[in-house]
Amino acid sequence: MAEKISDETPNPEKINDESPNPLAPSNDEESITAHSKDQNRKKQMKCLLYIILFAVFQTGIILLFVLIFMRMTNPKFRVRSGSFIDTFNVGTEASPSFDLRMNTQFMVKNTNFGRFKYKDGTVTFAYKGIPVGNAMIEKGRVGARSTKKVDVVVKLRSNGLSLNTRDNELGSDISSGVLPLTSSVKLKGKIHLMEVIKMKKYAQMNCSMEIDINSRTLGNIICK
C-alpha cells in the first residue's frame, strides 16, 4: 500500500515564529536599558551640580568670615560729657588750687559684627601731664555694632601738683577762667564672633577737654 505524501509545504515564517533566538534582546528590553542609563546619567549630573553648589556656598561663607575677621577694629572709648555736682572749689591766681567732683559720662562704641567684652580699667585725668583724678571702669560688654554709655563720678584735685606747676601754670589758667585737662585709658578685651572666633582688641582713649570755671561746665572735648 503506497504512502500518502503530504502536499503541505513548510512555512518559513511559521518556523521562525516557533523557533525564536533566546539570546537576541527584544525591543522592550533595549528601551528599558536605555531609559535606565539615561536616568542614572541624570542622577549623576544632579549630584555633581549639588556638590558644585555646596562648594560655592561654603567658599562664600568662608570669604564672608574672612572679610569680617580681617575688618575687626579696636572699639572706641571716649569722654562724652561731664557735669559738676555738690563740690566745685577753685582757688585764685594768687593761691591756685582746685577740688572738683565731676559726674562723667563715657562712651564705648563697638563697630564690629561681634560683641566686645572688656576688662576693668582706670581712666586717668591729668593736668599738664600730672594725674589729678581717676575713674574706675568696671568690666563689661558692648553688643555688636552698638554703643554703651558708662557714668562714673570723678574727683579732681590739685594736691599732687608741684609748687612750681601751681604757681606758674595753674594760677595763670585760673586767671583765664579755663582749666585744661586730659584723660587716657586702655581697656583690654576681646571681640567675640558667634562664640567661634575670639580676637584680642582694646579700646584706647586719649582726650583733651576744658573746664569753664565761670559757667562750671565741661566743654571742647576732643578725642583721638
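Predicted model: local features only at pLDDT ≥ 70, side-chain atom pairs only at ≥ 80, totals over all residues.
**Exercise 1. Describe the pairing of β8, β9 and β10.**

Solution. Step one concerns β8 and β9. Strand β8 (residues 178-193) pairs with β9 in the antiparallel sense over 16 bridges; two strands pair if DSSP finds at least two bridges between them. One of the bridge partners is Y202 in β9, which faces K188. The two strands form a hairpin with 3 residues between them, and M194 in the turn has a positive phi of about 55 degrees.

Step two concerns β9 and β10. These strands pair in the antiparallel sense over 5 bridges, and I211 stands opposite L218 in β10. Their hairpin has 4 residues between the strands.

**Exercise 2. Locate R216 and N220, and give the phi of each residue.**

Solution. R216 is placed in the loop between β9 (197-212) and β10 (217-223). Phi of R216 is near 55 degrees, a positive value in a residue other than glycine. N220 lies in strand β10. N220 also is not a glycine, and its phi is positive, at about 50 degrees. With a relative accessible area of 47%, N220 is partly exposed; buried means under 20% relative accessible area, exposed over 50%, and partly exposed in between (1.4 Å probe, protein chains only).

**Exercise 3. Decide whether T104 is buried or exposed, and list its contacts.**

Solution. T104 is found in strand β2 (residues 98-110). T104 counts as buried because its relative accessibility is 1%. Leaving aside neighbours within four places in sequence, T104 is in contact (heavy atoms within 4.5 Å) with V79, S81, G82, F125, V150, D151, V152 and V154.

**Exercise 4. Name the members of the largest nonpolar core that touch the most other members.**

Solution. A nonpolar core is a set of buried Ala, Val, Leu, Ile, Met, Phe, Trp, Tyr and Cys residues joined through side-chain atoms within 4.5 Å. The largest core has 40 residues, of which F77, F106, V123, F125, I137, L156 and I211 touch the most other members. For L156, the contacts beyond four places in sequence include F98, L100, F125, L181 and I211.

**Exercise 5. Identify the residues of the nonpolar surface patch that contains M45.**

Solution. M45 is placed in helix α2 (residues 27-70). The relative accessible area of M45 is 54%, and therefore M45 is exposed. M45, L48, I52 and V56 form a nonpolar patch on the surface, with about 390 Å² of accessible area together. Patches are made of residues with over 30% relative accessible area and no salt bridge: like charges are joined within 9 Å, nonpolar side chains (Val, Leu, Ile, Met, Phe, Trp, Tyr) within 5 Å. A salt bridge is a side-chain nitrogen of Lys or Arg within 4 Å of a carboxyl oxygen of Asp or Glu. Accessible areas come from the Shrake-Rupley method with a 1.4 Å probe; for residues, only the protein chains shown count as cover.

Methods
Residues numbered from 1 in each chain as written. Heavy atoms only, no water.
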